[in-house]
Amino acid sequence: MNFLKNKGYFFALIIILCFLGCKTTTQWKGQAPIRKVSTLTVPVQRQYAGIFDLGDGVFVSNDYSGARMNGVARTNDTLISVLITSENSPINPSPWYGFKIWSEAEKDLYVKLTYNEDAFHRYFPKLSKNGSDWEALDSLKYKAVKKIYNERELAESITLQLSVNKDTLWVSAQELITSSVVDKWTNELLTNSFVSKSTIGESNQGRPVNLLTIGDSDDQRMIMVISRQHPPEVTGFLAMQAFIETLCADTDLAKRFRATYNTYVVPLVNPDGVDNGHWRHNYGGVDLNRDWENFNQPETRAIRDFMREKVSATGGSFYFGVDFHSTWEDIFYTITPELKGNMPGLVPLVIAGLEDEFPGYEPNIRPSPGTGNKINSTAFFFFEFGAESFTYEVGDNTPREFVRKKGETTAIKLMEQLLK
Ligand SMILES: [Zn+2]
């Protein structure tokens, strides 16, 4: 699996647990409430993919799935400048980047990442020698030019010091988890007799929207899990993986759960966005998580139609729905507890279970302010099907060990509550 193989992350986990143990009273208030926007298809700008010969035996490439590099120039002997731009605008600021670099002669090079105006650097660089095992760049080799954006001190550009040689070095905003990596993971799950896979739709560019079915139940009780509406949100995907693997585990709890509930999973809602290295949108140029009311995009329509057909064909109910994302810090966006779905109190109990499991961990929970906008996935799950639902947000920099543990524990607490 593609986890950061860096001992530093273990110590970071200890530090974050100690930090969480301090019971900070100033929790992040989360993103501003979401606003309705048009989700009609608009054009996106395709990047020109190729291998760029920068002279002197130095090459840079963005010719692979999940790459993003919109321009590159050799500024001088040791400095390479890279331009990163979004697929279209306006867009939320999550500037994904990814490229490969190599050099015939062994040398140290500086690579400066620049962004279009009003954008800024966000993701701490990850390096890989094979495209699947990643390590965070040594912080001593990272220099940022900082500015204040919306009360956060962020970098308008960064410069990385890279030791390059004839072997390809991969540089990426987060671990590279493209559609083929997701397929590999789902194929591993498919070795379980209780897991099956089907295709419920096609993206704008014709990639399959794949659905996993987990369980042997009669579909009277179902849960829905989705992830990666937003391409760069890899930490949310990692939590989803741990969550799903726990539902598939060879434990008494998971076996009982699978005999009672069927779980439906769309692990990669936006395959075009992921494989094209988009910052946020699908190939229709749209933020999919604003399209759950009008359903102008094929990816959201596929999931809507699947859920509706399932309920009408079986007479069963969705009891729970979760959508995994990433943002600045760990946070849960829930439906306000005054509204009752098919199992009132479920989501608060699951989150409280997490709090019990990690002493000192104080979950950041932001309930939606009522029946306002119904444009995102979890509102759709709740208001259309009565499924108790929440948006599970993982911090961009949350230590990967903790991401996994939290994903596993969420699955355990959920199964316990749903079987009560
Ligand atoms: Zn998101």
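The questions below take a few labels in turn.

Modeller: Keep in mind that this is a predicted model.

Biologist: Where is arginine 228?

Modeller: Arginine 228 lies in the loop between β14 (221-227) and α3 (234-247). Its phi is positive, about 65 degrees, and it is not a glycine. Most residues other than glycine have a negative phi.

Biologist: What makes phenylalanine 295 buried or exposed?

Modeller: The cut-off for buried is under 20%, and for exposed over 50%. Phenylalanine 295 has 6% relative accessibility, so it counts as buried. This residue is in the loop between α5 (271-275) and α6 (298-314).

Biologist: Which peptide bond is cis?

Modeller: The bond that joins serine 89 and proline 90 is cis, with omega about 0 degrees. Proline 90 sits in the loop between β4 (79-84) and β5 (98-103). Most peptide bonds are trans.

Biologist: Which residues touch the most other members of the largest nonpolar core?

Modeller: They are Ile101, Leu162, Phe243 and Ile244, in a core of 82 residues. Helix α3 gives the most to this core, with 8 residues. Domain 1 (46-172) and domain 2 (179-418) each supply at least three residues.

Biologist: What does isoleucine 101 touch, not counting residues up to four places away in sequence?

Modeller: Its contacts include Phe59, Ile80, Leu109, Leu162 and Val171. A second, separate core has 20 residues, among them Tyr264 and Phe380.

Key. Residues are numbered from 1 along each chain as its sequence is written. This is a predicted model: local features need pLDDT of at least 70, side-chain atom pairs count only at pLDDT 80 or more; totals for chains, interfaces and linings use all residues. Side-chain values use heavy atoms; hydrogens and water are left out. Helices (H or I, at least four residues) and strands (E, at least two) are DSSP runs, numbered from the N terminus. Buried means under 20% relative accessible area, exposed over 50%, partly exposed in between (1.4 Å probe, protein chains only). A nonpolar core is a set of buried Ala, Val, Leu, Ile, Met, Phe, Trp, Tyr and Cys residues joined through side-chain atoms within 4.5 Å. Domain bounds come from an automatic or database domain assignment. Contact means heavy atoms within 4.5 Å.
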